[in-house]
Amino acid sequence: MTERLAKFMARSGVCSRRGAEELIKQKRVTVNGEIIDTPAYNVEGNEKILLDGEPLPQKDITRLWIYYKPVGLVTTHKDEKSRPTVFEHLPEDMPRVISVGRLDLNSEGLLLLTNNGELSRKLELPSNGWARRYKVRVHGSVDEKKLADLKNGVEVEGIQYGSIKAEIITIKGTNAWLMVTLNEGKNREIRKVMKSIGLEVNRLIRLSYGPFQLGSLKPGETKEIPQKVLKEQLGAKFSL
């Protein structure tokens, strides 16, 4: 049975599938000594596959971690502005991992990390229907009707956002805590949508992603999902 070279590379944990496609286009990947320049190339997996002249990591059992991303870290392996990154602050005994989506610089909370690039790509897809839940502190005058209307979706600056469930937890003066649930999570979605209804987000904590919960983790801490739980939650759907 064959599979696309980019998919095989992602499953090795060296990068995401999209990243593998870029590496292939850059002619940095060889199969049995032949330079490959198209992501449509198929392999069986027993070929000699090299990236920049080095073998790919051996396929490892799929693993998944929950990480409490602190404020002030960017979710990238290398930042062009030399800002501190998530991957520079992980425990030393962590293998090479890829994030499932991102949290922006000023957001915190649950970030999923995996050693399987293909799994990372699949878990990011909105078609999974997985809810992302956030605890959000906002400043401004909270209009309950405008909050409720977000369940119908909203367009902001030409971008259409899907249904957002926003519930008030507490209000104190001009500050409020909200529980916000959405299924898509576009770039800075909550901040942009809240701004469109007159609210400024000054703290955003992701509490859950699908079935995985932040729980009692503290900023900077990680927790690996046990293999039994991983297979129960993902096995049938993602062929683990």
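How far apart are the mean positions of the 40 positive and 31 negative charges of the chain? They are 4 Å apart. Hello everyone, and thanks for coming. What we have on screen is a predicted model, so please keep that in mind as we go through it.

Let me begin with the whole chain. There are 240 residues, and 44% of them count as buried. The secondary structure comes to six helices and 17 strands. If you put a box around the C-alpha atoms along the principal axes, that box is roughly 65 × 40 × 40 Å. The accessible surface is about 13,000 Å², and carbon and sulfur atoms hold 47% of that surface. Now for the contacts: taking those with a separation of 6 or more, 65% are between residues 24 or more positions apart.

Now to the aromatic rings. How many aromatic pairs are there? The count comes to two. Take Trp-130 and Tyr-209 to begin with: their ring centres are 6.2 Å apart and their planes stand at 85°, so this pair is edge-to-face. Please find both residues along the chain. Trp-130 is in the loop between α3 (117-124) and β10 (132-139), while Tyr-209 belongs to strand β15 (residues 200-209), so the pair ties together parts that are 79 residues apart in sequence. Are these two buried or exposed? Trp-130 has a relative accessible area of 11%, and under 20% means buried, so Trp-130 is buried. Tyr-209 is at 2% relative accessibility, so by that cut-off Tyr-209 counts as buried as well.

The other pair brings Trp-130 back, this time with Phe-212. Their rings are 6.1 Å apart, centre to centre, with 75° between the planes, and this pair is edge-to-face. Phe-212 lies in strand β16 (residues 212-213) and Trp-130 in the loop between α3 and β10, so here the parts tied together are 82 residues apart in sequence. Trp-130 and Phe-212 are both buried.

Staying with rings, let's look at some charges. The charged end of Lys-135 sits over the ring of Trp-177, at 4.9 Å from the ring centre. Lys-186, in turn, lies over the face of Tyr-161, and the distance to that ring centre is 5.5 Å.

Let me take you to some strands now. Thr-30 is in strand β2 (residues 29-31). With a relative accessible area of 18%, Thr-30 is buried. What does Thr-30 touch, leaving out residues up to four places away in sequence? The answer is Ile-35, Lys-48, Ile-49 and Leu-50.

Next comes Val-43, in strand β4 (residues 42-43). Val-43 counts as buried, at 1% relative accessibility. Val-43 and Val-31 are twelve residues apart in sequence, and from C-alpha to C-alpha they are 8.5 Å apart in space.

One last stop: helix α5 (residues 189-196). Which residues of α5 are buried? They are Glu-189, Ile-190, Arg-191, Val-193 and Met-194. Just after α5 you will find Gly-198, which takes a positive phi of about 85°.

Thank you, and I'm happy to take questions.

Conventions: Residues are numbered from 1 along each chain as its sequence is written. This is a predicted model: local features need pLDDT of at least 70, side-chain atom pairs count only at pLDDT 80 or more; totals for chains, interfaces and linings use all residues. Side-chain values use heavy atoms; hydrogens and water are left out. Rings of Phe, Tyr and Trp (its six-membered ring) pair if their centres lie within 6.5 Å; planes under 30 degrees apart count as stacked, over 60 as edge-to-face and the rest as tilted. Helices (H or I, at least four residues) and strands (E, at least two) are DSSP runs, numbered from the N terminus. Buried means under 20% relative accessible area, exposed over 50%, partly exposed in between (1.4 Å probe, protein chains only). A charge sits over a ring if NZ of Lys or CZ of Arg is within 6 Å of the ring centre and within 35 degrees of the ring normal. Contact means heavy atoms within 4.5 Å. Accessible areas come from the Shrake-Rupley method with a 1.4 Å probe; for residues, only the protein chains shown count as cover. Lys and Arg count as positive and Asp and Glu as negative; His and the chain ends are not counted. The place of a charge is taken as NZ of Lys, CZ of Arg, CG of Asp or CD of Glu.
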